[in-house]
Structure formats: structure tokens, C-alpha cells
Amino acid sequence: MFSAIARKELRESVRDRRSLLNGLFYGVWGPMVMGMALVAMAGHQGDIGGMTLEAEGVARAPGLVAFLAGREVAVAEASGDLATAVRERRVPVALVIRGDYPDKFQGSRPAPLELLHDTTWTESARQSAHLRAILNDYARSVGDTRLVLRGVAPTAVQPLRIHDRDFATAGDRAARALATLPIFVLLAAFIGGLGIAADVAAGERERGSLESLLLHPVGRLAIVGGKWVAVGLVAMATVVVALLTTIAVMQHPRVQSIDLPIGLSALDSLQVLALLVPLALFAAAVQLWIAFQARTYKEAQTKLSALIFAPMIPGFLFAFGSIEPAPWMTFTPMIGQHVMLTALVRGEAPALLELAALSGITLVAGAVACVAASRQLDRESILRRTNG
Amino acid sequence: MIRVQDIRKRYGATIAVDGVSLDVPDGVITGLLGPNGAGKTTTIRAITGLVRPDAGHVAVDGLDVARRPMPARARLGVVPETIGVYDHLTVREHIEYSARLQGLDNALTRIRTDDLLAQMGLTPLSGRRAAGLSMGERRRLALARAMVHQPRNLVFDEPTNGLDVMSAREVRREIKRLAAGGCAVLVSSHVMPEVAMLCDRVIVMARGTIVAAGTPTELMQQHGGATLEEAFVRVIGSEEGLN
């Protein structure tokens, strides 16, 4: 009976196509957006080679201009108003050498420079940081010379020397760029079955076919179970599609050229599947439970779309490093999968025991949601419809 | 045989059914008559177990619906008032789905489906998607689904609602055939001539209670009307001021 319901729901959704394709479309589209984002981010990384700097008052600071030229920064006298050029984003960064620069410089007083930039513009922030470093180098070398001339050892005014030793591995740095990958793959588990869950639960209420269904001598749990299998299978199919697309995106020459020291190996992919299959079933059960509380397909779709934000919240918090994973999170459905996927993307193998425990807990939570959904079917108000 | 004993059901402040007792004996067509809101659908849903009465009992072939809903439902064939179909399933698939849910095996599913398609005149439509069916075709399909497990007790809620004359005649003929075959049949309706033509016994409900019962002829004699409709108006009129 249970399988008769599952088969019927699958047959209907395959014929209907709309809900099914919506889900599967995400599976392809999500990872492709991520791939494009990676390529775009890669464009901003890497060393700045030579650059041209538009400046005002070039003739006032020949020493500085020569120093900059030595660091591959070609300085050119600006033709128009530099502040406007930066504000209108025609020029990422510009330098104004003030009129009193020569006098102050000669008199060993701080010589005024204006660095024009825009911190909300990635390219501007990057170039201005680069330029500031060169300007600091120039300032230090001039200062050192002045100290030597006055008979002071430059080291005396350098009480500290800081050596940076960054322990972030190359994998870690790439994982920052790839931190959004788990969100995309994980969302596939939630988006895949959304339309079908709305259809087989709320849609059945809306069409008025639910009463006929309930009139058959079939247990409420069997009805929900059959629908669960159908929705779960579609969600799983979406996860597989999303995973295959992700692997394909990672193989693309443009992404390969970023030289990410990580990737999804065949083994990783199997582990991702082991994480996401229970999650897809959990999502399907929760979606059915919520969709049975809606009277129309549209209402269910609205509620379920709002629910999509739930798995995104822990995802973004992890992605931007706002929170550190605590031990309990590893065993919480939805959050645990995030933690483990993030670890996988970093190239760390999750403990198989933890993975098994999380999958077990997730499946039990899904079963609980199914029982809750079957309780919904026992409520007499389930037969009430919007038009009657 | 369906037996309803003193059932009561209240929704908030509204009393939908207030002490209804009725028998639907085998081989007889019992009509349930009453204006909208009289409690007919609540009574029918109590019989099918979709509504749990606050008090009273319902038994189908002696099986208590509240305590043993599954075996009781297996003995019932019900055509509800609203017939929702699955747009993307064919006529044949609808009947097969019901057969499966009634627990019929492959062979029996095929035999019963073929029989019912022929019996309901749906054979030419068997491969057609339900989305394109007319009201009459949908109702015949619902009838076929309700009869797939050959139940001995049948309940029809407004069976000819929205049907044209020819389709309504066919549905009535089928209902008569079932009763002649020894089934207990309960028909709810508010179409007077239909009840007069179809039913052996009539139970009139108003405001959640039974206000009159008997054969159509008895009702006309008791309440002094030339037609069942006049008798009905007198019974109901005294109850609720011609509502």
C-alpha cells in the first residue's frame, strides 16, 4: 500500500514535470553560480604586478616618484579632478601631493599626501593597500637616512620586529573561497523536494482528493510514508545532480586554473552523499509535515520557501567565520551536515563514527516529522478546504 | 448494515449533530434528506470515521468505526460530495490506485478494474488523463473507485450533484442495482424528486436532529403533501421557518 502511494506520487510528478524540474534545475544552477563566483573571486587574487597611478603635483616629490617607479608603480600627472574620478569609479586609487609637501619634506616635518580610494570597491581597496605598503617603505627609508645623519641608529626607534608566520594552509585559504560550497550542495536537499511536497500534501487537500484517499483502509502513517519516499527520492536525485554538477564545475579549465589545492575526490563525493541522503529524507519529512498544515499548494509553497532560509543561516555563519563549531552541532541535523561538509571541503576526513551517528540522528528526526505529519491527517479539520 | 446510535458532534459553539440514530439495512436504499447545514455530511463522515463523534457509536456490519476504523472502512464504499481527481493519472490508474489501497493483489486489481470500467461505461476513456473528464465522467469514476473492493455498504453524498439528466439516470440505475444485490445503501441528497424516485426509506434531518422518517408515501401522508417536496417543506418549515 505504502509502495502503491509512493509509486503513484512519483508517476504523477514525473508527468507533471513542473515541480520536478524546478528542483532538478536548482541542482544544476546552484553549483554553476558558485563556479562563476569562484572564477570572479580568482580574478581579484594574485599579485599586483605593475600599476599606473594618477597623481596631482608629481613635480613636488621627485624622490617619491622615483621610489614608486622602482616598485613598478608608474606615476602620471592627472588631467582632471581626481576626487571625482575616484567617486565615479573611473580610477580605483589616486594620490594628491599637497602644495606644502616640498617645504615640509625639506624641513623634516611630516609631508602631506592624500590617498584617494573607496573601501567598498574591492579593486580600489586592494590597490590602495598595495600603495600604502610602498609609501610606508618609502617613509621608513627616508626616516632611517635622517636618523643616520643625526647620528642615531635606526634600530633604536624600532623596539619590535614582528615576523608574520601564518599557519593557514593553502587549503584553508581556498576553503575560504569555497566556504559557500556546502551551502549550495546542502540546499539541494531542501529545494529538490519542495514543489513535490507541496503538491502531494497541500495540493491533495486543495483538489479535494484527500477525503477519497483517507476513506481507504490505509493507516495514516503508511500514507505519509509513501509520500515521504516519493518526495525523498526526488530530493536525493537533486542532491546527486548538484554533486555531479559541482564535480563538473571543479573540472572546468577556468576553475582548474585558479589552482585550488582541494577538490572533491571520488571518496569525498561518497562521503558527501552519505551526509546528504539522510538530510534529503529529513527535509522531505519536515516539508510534508508543514505542507499538510497548508490548505493550498500556493500557501504550502510560500511556507516551504521561507523554511529554505533555515539551513542557510548556520551555513553563512560558518562561511563567514562568525561562529566556531561546537561539539553538539556535529550531532544536530542540518547544522552537523554543514560542519562536516565544511571539513570535507577543507580536505579533512570526518570521523566515520560521527558521520554515522549524525546520519542516524537525522533519519530519526525525519521519522519523527513523519509521525507528526500523520497526526495532521487524523485531525478532522484536515478536510476543510478554502472553498467549503 | 450500518448502525448509527445517538451520535453527537459539536464544533465550538455550533452543534452539528445532536443525537442522531439511524439504521441502514441491507438491500434497502435509505435516503438522508435535509437542508444545507442539517448535519448530513457530518453524519456521513462519522460513518466513515473521518469525524469522531463526541458521543454515540457507529457500527458497520457490527464493527465499531471508532475502535476498528480500518476493517470498518474496508466494508464501506463511499462517494464523497467533492470528488477530487489526480489530473495526471488516467482513468484506469485511478481505479487501480484504489484497488491497491484496498489491498487487492495484481490479478484481482486487473480483473476488478476491467469489470468496473465496463460497468461504468468508462472503457473508452480508460487511457485518458482525468484532467479532461466531464463532471459526469468524474462521478462515474468515483463510483467505480468506491466499488473496487465490492463493499456491502455504500454511502453516496449528493451522488447526482452537477450531473446532466442522462448521467444522473445512469448513477441512479447503478445505485438501485447495488441495493437489489443486497447492499446497504445510504444516499444523502437535497433533490426531492430524486429521493422520491430512488429511496425506499427517507430520513429527514434538520438542525442536527432527525425530524421525520418513513417511506416517501408515509411521509406524504403524515405531513399532508401531494409530493415529497411539499411534505418536506412542511416538516422542515415547522422546524426552521422555511430556511
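Two strands are said to pair if DSSP finds at least two bridges between them. By this criterion, strand β3 (residues 29-33) of chain B pairs with β8(B), since five bridges join the two, and the strands run parallel. The structure described here is a predicted model.

Strand β8 of chain B covers residues 184-189. On its other listed pairing, strand β7 (residues 153-157) of chain B is joined to β8(B) by five bridges, again in the parallel sense. Individual bridge partners can be named for both pairings. B:Gly31 is placed opposite B:Val187 in β8(B), and B:Leu154 has B:Val185 of β8(B) as its bridge partner.

A second sheet of chain B is open and consists of four strands in the order β2-β1-β4-β5, with antiparallel pairing. Its edge strands are β2 (14-24) and β5 (63-64) of chain B, each of which pairs on one side only. Strand β4 (residues 55-60) of chain B is paired with β5(B) through two bridges in the antiparallel sense. Within this pair, B:Val60 stands opposite B:Leu63 of β5(B).

Chain B as a whole contains nine helices and 10 strands. Its radius of gyration is 18 Å, close to the 18 Å that the globule rule gives for 243 residues, so chain B is as compact as a globular protein of that length. The C-alpha trace of chain B spans about 55 × 40 × 35 Å along its principal axes. Of the 243 residues, 49% count as buried. When contacts in chain B between residues at least 6 apart in sequence are considered, 66% of them join residues at least 24 apart.

Chain A is divided into two domains, with domain 1 made up of 2-42 + 171-383 and domain 2 of 47-165. The C-alpha centres of these domains of chain A lie 52 Å apart.

An open sheet in chain A has four strands in the order β2-β1-β3-β4, and its pairing is mixed. Strands β2 (73-77) and β4 (113-116) of chain A stand at the edges with a single partner strand each, so one side of each has no neighbour in the sheet. From one strand to the next, the twist averages 30°. Strand β3 (residues 94-97) of chain A pairs with β4(A) over four bridges in the antiparallel sense. In this pair, A:Ala94 has A:Leu116 of β4(A) as its bridge partner.

Helix α3 (residues 62-70) of chain A lies across β1 (51-56) and β2 of chain A, and runs at about 140° to β2(A). Helix α6 (residues 122-149) of chain A lies across β1, β2 and β4 of chain A, and runs at about 160° to β4(A).

Residue A:Ser19 was considered individually. It belongs to helix α2 (residues 18-44) of chain A. A residue is buried if 20 or more other C-beta atoms lie within 10 Å of its own; A:Ser19 has 24 C-beta neighbours inside 10 Å and therefore counts as buried. Leaving aside neighbours within four places in sequence, A:Ser19 is in contact with A:Ser13, A:Gly195, A:Ile196 and A:Asp199. A:Ser19 and A:Gly193 are 174 residues apart in sequence, yet the C-alpha to C-alpha distance between them is 8.1 Å.

The contact between the chains takes 22 residues from chain B and 18 residues from chain A. On the side of chain B that touches chain A, the elements giving two or more residues are α2 (69-74) and α3 (91-101) of chain B. Of the elements on this side, α3(B) gives the most, with four residues.

Terms used:
Residues are numbered from 1 along each chain as its sequence is written. Chains are lettered from A and ligands numbered from 1 in the order in which they are written. This is a predicted model: local features need pLDDT of at least 70, side-chain atom pairs count only at pLDDT 80 or more; totals for chains, interfaces and linings use all residues. Axes are lines fitted to C-alpha atoms, for helices over the stretch in contact, and angles run from 0 to 180 degrees between N-to-C directions. Two residues are in contact if their C-beta atoms, placed from the backbone, lie within 7 Å. The radius of gyration is taken over C-alpha atoms; the globule rule is 2.2 Å times the number of residues to the power 0.38. A residue is buried if 20 or more other C-beta atoms lie within 10 Å of its own, exposed if 12 or fewer, and partly exposed in between; C-beta atoms are placed from the backbone. Domain bounds come from an automatic or database domain assignment.
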